[in-house]
Amino acid sequence: MQLYNNLSAKERAELIEKAGKERLTISFYKYAKIGNTEIFRNHMFLAWDQQEVLGRIYVANEGINAQLSIPAENFDAFKNHLDTITFLENVRLNVAIEHDNFAFLKLKVKVRHKIVADGLNDDSFDVTNKGVHVNAEKFNELIEDPDTVLVDMRNHYESEIGHFKNAITPDVDTFRESLDLIEEDLREHKEDKKLVMYCTGGIRCEKASAYYKHKGFKNVFQLEGGIINYVRQIEAEGIENKFIGKNFVFDQRRSERISDDVIANCHQCGEPADLHTNCANAACHLLFIQCDSCKEKMENCCSSNCMEINRLPYEEQKALRKGQGNSNDIFKKGRADHLPYKKDLRNIFEILKK
């Protein structure tokens, strides 16, 4: 019984190209009680491997969080399989706006402590007492209300390339950092303001809304299905788009363009740019924004030092990395000191003072 990948990313990419099938990029999540996570994980892997599903799926006692791609011709079979699982029946599937056949190149179904790293003790509050879910039309109405505080629950490198107009974009590296920061900065507005939140697909807001209600916020709302579902709704219903820029996504596509606005800058030269890349030096792999000009000049590297290393023969690079582990820059997401142009994201307190 095979419960793991036996093909490299390169081999899988070659198979995808040879097959010539259109693939759909999909994400979904569901908070639910899962008893034996290992058995559930194995069941999902076996079923999805047969359907040519590729992606990154996290399973925990609290539920499932999935980002994946599948041949379009297998979509109905995939949906039918989900419907056979009680808590996943009719689960909302967020289908990407832009597809890439190579968005995922392996099927990874992993058992985790949590499906999103939030750092919260779920036993300390009622995680089912969530905020009010709103559709795109109601969301647009709420964010125009002067008594609304709109908060982006994503990380700085996500909101840097795109966010809703007038949104507070906390300058944080992780979701868990944003929870206490927002609660502290908005402590005086727990009763007189409407707290409206959004994220990529909705999963971060599910837990955050319950947490903030537990912390005393009286009027808590969240965008149903996140940015992905919002864009589908505005296109289908002719609703005004309030999102500017691109939506960051966690696969090989990096982002989906929502509006023509370019609101970020190249981290190396400062020119308008909103395309994330990873440093070509495998020992660095820093995620940062790089324009086409700098990409050519710097050979897809974040620094001259990385460029020199990347020019070395592969075996020499490998020898240099031996025993070194990953550079800390891999976790900085555009914050490395040698990148001179980084957008200063707005502080919550500064927004409220206006």
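Helices here are DSSP runs of H or I with at least four residues, numbered from the N terminus. Glu299 sits in the loop between helix 9 (292-297) and helix 10 (304-310). Its phi is positive, near 55°, although Glu299 is not a glycine. Most residues other than glycine have a negative phi. Glu299 is partly exposed, because its relative accessible area is 33% and that class lies between 20% and 50%.

The model is predicted. Its chain has a mean pLDDT of 90, and 92% of the residues reach 70 or more. Over residues 344-354, pLDDT stays under 50. The model has 23 contacts beyond four places in sequence for these residues.

A second residue with positive phi is Asn90. Its phi is near 60°, and Asn90 is not a glycine either. Asn90 belongs to the loop between helix 3 (75-83) and strand 4 (94-95). Is Asn90 buried or exposed? Asn90 counts as exposed, because its relative accessibility is 59% and the cut-off is over 50%.

Now turn to helix 1, which spans residues 9-19. Arg12, Ala13 and Ile16 are buried there. An α-helix has 3.6 residues a turn, so residues three or four places apart point the same way. The cover over the buried residues of helix 1 includes strand 1 (23-31) and strand 2 (54-60). The face turned away from the buried side carries the exposed residues Lys10, Glu17 and Lys18. After helix 1 comes Gly20, with a positive phi near 65°.

Next, look at Val134. This residue is found in strand 6 (residues 132-134). Val134 counts as buried because its relative accessibility is 4%. Which residues does Val134 touch, leaving aside neighbours within four places in sequence? Val134 is in contact with Phe139, Leu142, Phe221, Gln222, Leu223 and Glu224. Leu223 is 89 residues away from Val134 along the chain, yet their C-alpha atoms are separated by 5.3 Å.

Last comes open space. The second largest pocket holds about 460 Å³. Its lining has 18 residues, and Tyr31, Lys33, Glu62, Asp122 and Val127 lie nearest the centre. By class, this lining has nine charged, five polar and four nonpolar residues.

Notes:
Residues are numbered from 1 along each chain as its sequence is written. This is a predicted model: local features need pLDDT of at least 70, side-chain atom pairs count only at pLDDT 80 or more; totals for chains, interfaces and linings use all residues. Side-chain values use heavy atoms; hydrogens and water are left out. Buried means under 20% relative accessible area, exposed over 50%, partly exposed in between (1.4 Å probe, protein chains only). Helices (H or I, at least four residues) and strands (E, at least two) are DSSP runs, numbered from the N terminus. Contact means heavy atoms within 4.5 Å. On a 1 Å grid over the protein atoms alone, a cavity is a set of points where a 1.4 Å probe fits but cannot get out, and a pocket is an open set with protein on both sides within 12 Å along at least five of seven lines; lining residues have an atom within 4 Å of a point. Grid points are joined across faces, edges and corners, and a volume is the space filled by probe spheres set on the points. Ala, Val, Leu, Ile, Met, Phe, Trp, Tyr, Cys and Pro count as nonpolar, Asp, Glu, Lys and Arg as charged, and the others, Gly among them, as polar. pLDDT is the predictor's confidence in each residue, from 0 to 100.
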